Each structure stands twice: as structure tokens, then as C-alpha cells.
Amino acid sequence: MDNIAPLQVRDLSILIVDDMKSMRLTIRKMLKDLKIGSKLRFAENGKEGMEVLRGDHFDLAMIDWNMPVMNGIEMLEDIRNDAELRDLPVIMITAEAEREIVAQVAEIEIDGYLLKPLTPQSLETRISNVIDRLNNPEPAKVHRLNAREFEEKGDFYGAIDEIKKALVHKPSASRLLRELGLLHFKIQKNQIGEKCLLKAVSLNRQDTVSRVYLADYYLKTDQLEKAGKYYLEVLSLSRRYNDRGFDIGRNLLKKGYRSTAFSIFSKVISNSKKQSEVRDTIIDICFDLHEYEFPRELLEKSIRENPSNYDLVYKAGLIAESSGDIDGALDFFLKVDRHVRGHLKCKYNIANIYYQKSKFIQADDYLNQILRIDPGHQAALSLRRLF
């Protein structure tokens, strides 16, 4: 690095990514007034920003958090996963209400953040600090980059040694502890890897990523209760892992960890922007696993929100019937039958319940309705033979 001339803020090539034209113009004016940057480029969302980054060289990217198409966190993840772009300094711009997000972003190596409304002073200070750290990297960062080179060459022991050196300078850095843990997993020293991840999460209550790795490790080693505990913590910190909640909840339910499974499902629902769709998915998971009490509560809420969704009403009937509530099931099925013409499955469910209740005339009436529509309906024909 001694042979590379340090970057000067006035010479920077900067990409500004924000979906609001007014914000792009505001940042542009501030930078020009501050005499920061010799080349400024703009993009309206993360997807467009990635295309610009891959077509030209930049010294710094300033990315808004909340954008359509591809938001700031998604763009940052793409940058850090791109071998050509991964070391690009990134400043994230967020609103005051989004400050809690910063902890999540930090797990993907953000270099700095700015809170709206921006001021010339905050902009100048943040950019100057980022470039100063780039020109004069901390020893811990140097060792971490060395570790990455060793790891990419397959020398995991060399990488471990470099991370240990980095930890001398930053012993409480959860990211370094996480990387040390993951390296130990790669050399099959799983107990040490687990201890490193546990220390990382104990030092950083916002370390979502280490918790995800811990939960995945416990899943692989069939320690489902521990896996559920950490996924519940993950879902309390971030919505980004909602989809995983379905699988871990399903696995927990299969193994009998009902309480933890339902807690995870509840958190997935509360995190979701489309709660009704998520509830439907969870209802199906529970129903497939012959779990009826929890999905019945979810169905009742969904039906209250959308009483004319007779698919949900029919499903509520099935759950009531499976849980032994025959009268409740009949009420649901009759409601569907009144509003949905030709619903043969529903008519058969009604006929079957009437048969169980020894109401043979009503049962026969519904069997006749089915057979007029489908004379070869095997289930209806079989039930009629029992009369």
C-alpha cells in the first residue's frame, strides 16, 4: 500500500443511488459546494446502481436505504458478494426511523451511514472519515484482508492465524469472532466454531448473521430446540430471514417442539407485509402435520378479515372436523354450500357428518345432489351403500 498514492476527497469518483431526484440533486449540490469528488454518477435504484458500478470505476458509493426494485441492503449484499466490487467503500443513507437497521447493515460491512436530513457538515465529516480509514487501514482490517486471501487459497490455518491477530486489536468484534468460528467449521473443529459464534452473539445483541449460522449449525446437528431459539432471536432482529422461518417451524413441529414452532410462526406473520398470505402458508403446514389448534386461531382471524373467502371457510371446516368439532365443522361447510355452487367436496363433507349424526334423510339429500352432478362419484356411492 505504501506505493499507492492516498485518495483525496476532491478527486473521488462517487456513485449516488437514490430513487428521489430531489435528494440526488441535494447531495450533488452539497458535494460541489464542499469541493468533494471530481466525478459524480447517479442511479435511481440498486439494480441500476449495480449496472453502473460494473461498467466503470468508483472510489465510493452512497446508497439510500429505502428504494424500489432493489433496496440499499440488497445492493450492499450484491457489492460484498462481487469479487471485483467487494472492497468498495459504501455509505448508507437512512431516515431517523430506520436507525435500528444500521446494526443489520453493519453485518455486511458498511463503512459509514448518514441520517436524513443531510447537512453539509455531516456529509463532509462522514466522507472524510471513510476515506481516511481507507488510506490508513486499522491493523485489524489488514489482518482480516490477509485472512481472506489465505482462505481463498484454501489455507484455512493461515486464515485462522490472521483472524487471531486481528482479534488482538479488536477482541470484542463480533464479525471477527464469527469469521474465526466459520474457519474452524471448515477444518472440522466444530466445537471451537460453535464457541466462537456463541461468543460473537453474546458480545453483540444485534449480530443477526452469527445467530443464523448458529441456528443452521444446530439444525445440521439435530439440536432443534437450540436452532429454534436462535431463529426466534433472528426473526426478532430482522425480516430478511422470514422465509427460513417456515422451514424451521415445520421441522420443529415434526419433532414435537410445538411451543417454539408456534412462536416462530407468529413472528414470521408479524414480520410480514402480506400477513394473510403468510397465515395461509402456515395453516397449510400445520394442517399437513395434523396440528389443528394453532391454525384454527389463524383461520378465524383470516376469515374475520375476509369473510367472503370461502376457501378459508372450507379449510376451517376441515380443521374443525379433524380436531373432533363435528358441529363446528358442519356450520362452516353449510356456510360454504350456501355461497359456492357445485362444491362437491363440501357437499360430501356435509353428507358424511349428517351420516355420523344418524340424520340419514339429510345425508341422502346431499348425496343425491352430488350424484346429480357426478353420477360416478365413488365416495358418495360408497357412503350411500352404508345406509
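What follows is a chat about the strands, helices and salt bridges of a predicted model.

Visitor: What is the strand order in the open sheet?
Guide: This is a predicted model. The open sheet has 5 strands in the order β2-β1-β3-β4-β5, and the pairing is parallel.

Visitor: Which are the edge strands?
Guide: β2 (39-43) and β5, each of which pairs on one side only.

Visitor: And the twist, what does it average from one strand to the next?
Guide: The average is 20°.

Visitor: Over how many bridges do β3 and β4 pair?
Guide: Over 4 bridges, in the parallel sense.

Visitor: Which residue in β4 is the bridge partner of Ile63?
Guide: Met92.

Visitor: Now the helices. Which strands does α3 lie across?
Guide: α3 lies across β1 (13-17), β3 and β4, and runs at about 170° to β4.

Visitor: What about α5, which strands does that one lie across?
Guide: β3, β4 and β5; the angle of α5 to β5 is about 175°.

Visitor: Changing topic. How many salt bridges are there?
Guide: The count comes to 27 salt bridges.

Visitor: Which residue forms a salt bridge with Asp64?
Guide: Lys116, with the closest N and O atoms 2.9 Å apart. Asp64 is in strand β3 (residues 60-64), while Lys116 sits in the loop between β5 (112-115) and α5 (120-135). The two residues are 52 residues apart, so the pair links distant parts of the chain.

Visitor: Is Asp64 buried or exposed?
Guide: Asp64 counts as buried, because its relative accessibility is 2% and the cut-off for buried is under 20%.

Visitor: How does Lys116 count, then?
Guide: Lys116 has 23% relative accessibility, so it counts as partly exposed.

Visitor: Which side chain does Arg86 meet in a salt bridge?
Guide: That of Glu152, at 2.5 Å from N to O.

Visitor: How does Asp284 count for accessibility?
Guide: As partly exposed, because its relative accessibility is 33%.

Visitor: Last one. Which residues are linked with Arg41 in a network of salt bridges?
Guide: Lys39 and Asp56 are linked with Arg41 in that network.

Methods:
Residues numbered from 1 in each chain as written. Predicted model: local features only at pLDDT ≥ 70, side-chain atom pairs only at ≥ 80, totals over all residues. Heavy atoms only, no water. Salt bridge = Lys/Arg side-chain N within 4 Å of Asp/Glu carboxyl O. Buried < 20%, exposed > 50% of the residue type's maximum accessible area, 1.4 Å probe, protein only. Pairing = 2+ DSSP bridges. Axes fitted to C-alpha atoms, helices over the stretch in contact; angles between N-to-C directions. Contact = heavy atoms within 4.5 Å.
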